[in-house]
Amino acid sequence: MHSNIIIKTGDITQEHVCAIVNAANSSLMGGGGVDGAIHRAGGSKILEACKEIRKEQYPNGLPTGEAVATSAGDLPARYVIHTVGPVYRYCGEHCTSLLAFSYKNSLKVAVELGCKDIAFPAISTGVYGYPKAEAAHIAYEAVKGFLNEGHEMKVYFIFHNHENKEIFEKAIKSERG
Ligand code: ADP
C-alpha cells in the first residue's frame, strides 16, 4: 500500500482534512447521497458559493470530470471540492477516463489550494451506478499516479460502510504498492 493512501469507513463530512471531495451533480445545487450529506452538514455557505460558481464560471453546469472548490461552511474541512463523476449507463467508452479525471482534477485543485490532505468518497458508485470494484481500480490508479509524480499529499478514501470498503480493498489488492 502506498504510505500516503489511507482507506477507512466513516462519514466524509466529519473528516478533519484540508479538502473533502463531493460527488456532485453538474447543477451544483445539491442532491442525494454524499452531496446531500455535505450540504446538510456544511450549511448554506456551500450552496451560496456553488450558485456563484454557476453564475460566474459554469452557467451550463459543471462538466463531468471537472472539479471546483468552495468553502466548506460549517464542516471541519477547509474546502469542499465538487466534482461530477460519470453516470455509468451513459458514459460508454469514456467511463474510465471520465472517472479518472474526476479524481485527478480534484487532486489538482487541492494542490492549487495548498492542501496537504484530501478525502474522497467513492465517486459515481451510488446513484450514478458505477460498478464498485471497477471504480476502485480507476480511483486507486489515478491517485497512485498522482502521488508517484512526487506530490506531497495524504489521500483518504472514505467509505460509508464496511462492505464498500471491503470491495475497494479486495479490488486493489493486486495493484498495491
Ligand atoms: P454518485 O451520484 O456520484 O453515485 P452518491 O452520493 O450517490 O454519488 O454515492 C457515492 C458514494 O458515496 C456511495 O458509495 C455512497 O455510499 C457514499 N456516501 C454517501 N454518503 C456518504 C458520506 N456521508 N460519507 C462518505 N460516503 C458517503
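I took helices (H or I, at least four residues) and strands (E, at least two) as DSSP runs numbered from the N terminus. I noted that the model is predicted, so that local features need pLDDT of at least 70 and side-chain atom pairs count only at pLDDT 80 or more, while totals for chains, interfaces and linings use all residues. Residues are numbered from 1 along each chain as its sequence is written, and side-chain values use heavy atoms, with hydrogens and water left out.

I then checked the length of α4, residues 95–112: its 18 residues reach 26 Å from first C-alpha to last, close to the 26 Å expected at 1.5 Å a residue, the expected span being 1.5 Å times one less than the number of residues. After α4 comes G114, with a positive phi near 80°.

Next I turned to the aromatic rings, where Phe, Tyr and Trp (its six-membered ring) pair if their centres lie within 6.5 Å, planes under 30 degrees apart counting as stacked, over 60 as edge-to-face and the rest as tilted. I found 6 aromatic pairs in the structure. One of them joins F157 and F168, a tilted pair at 4.7 Å centre to centre with 45° between the planes. Because F157 lies in strand β6 (residues 154–159) and F168 in helix α6 (residues 162–171), this pair ties together parts that are 11 residues apart in sequence. Both F157 and F168 are buried, and ring pairs link Y103, F120, F157, F159 and F168 into a cluster.

I also looked up the salt bridges (a side-chain nitrogen of Lys or Arg within 4 Å of a carboxyl oxygen of Asp or Glu), of which the structure holds 3. K8 and E15 meet at 3.2 Å, N to O; K8 is partly exposed at 29% relative accessibility, whereas E15 is buried at 9%. K144 bridges to E141 with the closest N and O atoms 3.7 Å apart, and the two are separated by about one helical turn because they are 3 residues apart in helix α5 (residues 132–148). K165 and E169 form a bridge at 3.5 Å between the closest N and O atoms.

Last, I checked N22 in strand β2 (residues 19–24), which counts as buried because its relative accessibility is 0%.

Terms used. Buried < 20%, exposed > 50% of the residue type's maximum accessible area, 1.4 Å probe, protein only.
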